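Let's walk through this structure together, one step at a time. Keep the picture beside you as you read.

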Amino acid sequence: MINMNILVIEDELLIQKSLKKLLEKKGATVEVSSSGKEAIEKILSTNFDRIVCDLMLQDITGFDIIEESKKKYTIEDIGNIFVIMTAYSSPQILEKANSYGCKVLGKPFDNIEEALEVFLRK
Amino acid sequence: MENQGHTRIKKAQRSIKLYLSDSVRGSIFKSTPLVEFSKSPLNSDFSIHQNDDLYEVFTGGTIVGDPVLIVSTATNYQTIYKLLNSNSKLISEFRTKRNKKKLFKASSILKSNSSNLKSFIDILEFKAYLQNQSSKIFDTSDIPEYILKSKLYKGYKSCQIMIHEKGSPLIGAYYFDSSVGLRKNEIPVTTFSKLFNLVKKSKNKLFNQSQILESDIGVVGTFLAKEIELKKHSILVIISRNDFLPPSDIEINLFNSSMTFVSDVFQNILLTSLEKRKTESYMSFLANYPFPLFLDETPLNEAARSFDLSSTDEDEISIEVAEKKFIEINDSFKKNTSDIYHHQRVSLLGELLNTLKHELSNPLFGLKMASDLLQLEEVDEDFSSTVNDISINCNRCQTIIDNFSKLYREENINEIFNISDVLNETILLTKSESKQIPKQINFYNFQSDEDYLIKSNPTWISQIIFNLIINSCQAIKSAGQELSKNNIEITIIKKLEEIEFSVSDSGPGIPKKLRDQIFEPFVTTKEKGTGLGLSICSNLINKLNGKIEIIDKDEIGTVVVFTLPIDD
């Protein structure tokens, strides 16, 4: 079992709930957030080992959340902590994600098990 | 000078005396009431000599000095007569018909002429030159360059033209310097009006920069400026030798009269470019208009043809030009129509499908994950298989959504793909239209798996096949027979240098009279068709360097065959 503290930021509630359950089954402790603002508050107040972040949220984008997180984390930390999920995987988005050193997973995942592995990699 | 004032009118009443030198072979010049031939160069008004491929026209029988007119021997003799004649002819017209238009021309010539036949012919030549070039002048910003290139303004170094389209808030200023090239900028109306009035009030049109704010004018040194007032435009033409020497009176005169004289050419150029801009904005309107439009070009065309062509030569020319332009625009319009409609269809549907894709993908993905999560539970087989069904169907929905949005992707891509896969995916997309109609796919001469891999644009090929299958389905349905007794057959044959696709159906076929034009936009056999499907197909196949045709079938039905080159 993997002992990790994970934050899932996702506004599609079914995905959020399923992902939380799947990760919990692997042993992780999971917190969820549906909005960018709520997520930023949690990030600044709690220490997470991994932040799984959807790119297109209702209020702000995942990149905005990363920018805000720079207040707390170094650039190196950000590349290790954040994993981005997106349904719009254009070259520009991939490039920007790469500039933060983050992994990007396209939605829907081709293989859920592999995706979970990425989320849980230390 | 010999013909001043009253002499000029007298001259108009007699015909021109022309002497032809021995070098002018044959009798291509014929005498008319306006032209008689003199036997000696001494008694003639003009003498014409041939020099290789050129006719050189001298005044008064002399061949010393510069000829007043040089034209190629290919030039119609009538043109030469007209050039020589126009002086007296226009004056006589001026006297007989007090028509406003004629008055304008004749008076400008009277002013311009000022007894100097040489400059008069120069001006005529200048006008003929501009008229010739006007077909090449697509953009009004080119005018200064063309003016400087003319023989009349050979010695000038820079020219600026400011064009105010009445009602427009900004004025285009185009400045051409023979050493610097073209410079464009925009000036406000107030500046333009100030300049325009200044030039208008000036009698000799001669300026230097101290009189006009230097920043307003691109030209250097002493310059000539002329204002021209047209129907829809006000123009300022400024021309300079880039020095500070004042030009001679003759030059000033020449400038003034030549600019007035060519104002109708400017008018034509500006109106043509205005038309062009209008057409462009119509085109972009059409391109963005979300519904199909029907265009009937015939009434307009007929109107253009039934135009009264009986007035003067110049009117004729301008109508000819206008008609030519119209036909050109029409032709290019026809050619572009398929492109426009394809673009329109693809961008609109593409946008819709993209939204749909993203809006549906998220909840579908949620469903898929939820069902996967349920499968992890240890439950009985029945439950597990039902959850598995949910998961599989989520995948199917996702594939259909992906394929549909791929069908309307607007990309000019060239990639290797499996033709069999694309075909099957495409047929899946036609399902709602084609259900109950038996469909058959045949591959011929595809030996290895590798043969199915082709390099082309899978999106376009999918669009073409999609269109053809939908057409076949609709044709079959229109006949009202039992659907299951019909069929659609798709055959793909791999040949040496191309792949041949054919889609055949058992529908009512295309009437013979429409067969030749079925690939043109708006030609349709369907009651409610737009007539765009096949024209879009043909357009796409052209872009893929292939060919498309309708094959005659003895019995009923239609076979559409298209080929694609095999690209290594």
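In strand 3 of chain A, Arg50(A) is the bridge partner of Ile6(A). This is a predicted model, in which local features need pLDDT of at least 70 and side-chain atom pairs count only at pLDDT 80 or more, while totals for chains, interfaces and linings use all residues. Residues are numbered from 1 along each chain as its sequence is written, and chains are lettered from A and ligands numbered from 1 in the order in which they are written.

Now look at the strands behind that bridge. Strand 1 (residues 5-9) of chain A pairs with strand 3 (residues 50-54) of chain A in the parallel sense over four bridges. Strands are DSSP runs of E with at least two residues, helices are runs of H or I with at least four, both numbered from the N terminus, and two strands pair if DSSP finds at least two bridges between them. Strand 1 of chain A is also joined to strand 2 (residues 29-33) of chain A, again running parallel, by five bridges; here Asn5(A) has Thr29(A) as its bridge partner.

How many residues of strand 1 of chain A are buried? Four of the five are, which leaves the strand mostly covered. A residue is buried if 20 or more other C-beta atoms, placed from the backbone, lie within 10 Å of its own. Across the 122 residues of chain A, buried ones make up 33%.

Finally, step back to chain A as a whole: six helices and five strands, in the order β-α-β-α-β-α-α-β-α-β-α from the N terminus on.

Definitions and conventions. A residue is buried if 20 or more other C-beta atoms lie within 10 Å of its own, exposed if 12 or fewer, and partly exposed in between; C-beta atoms are placed from the backbone.
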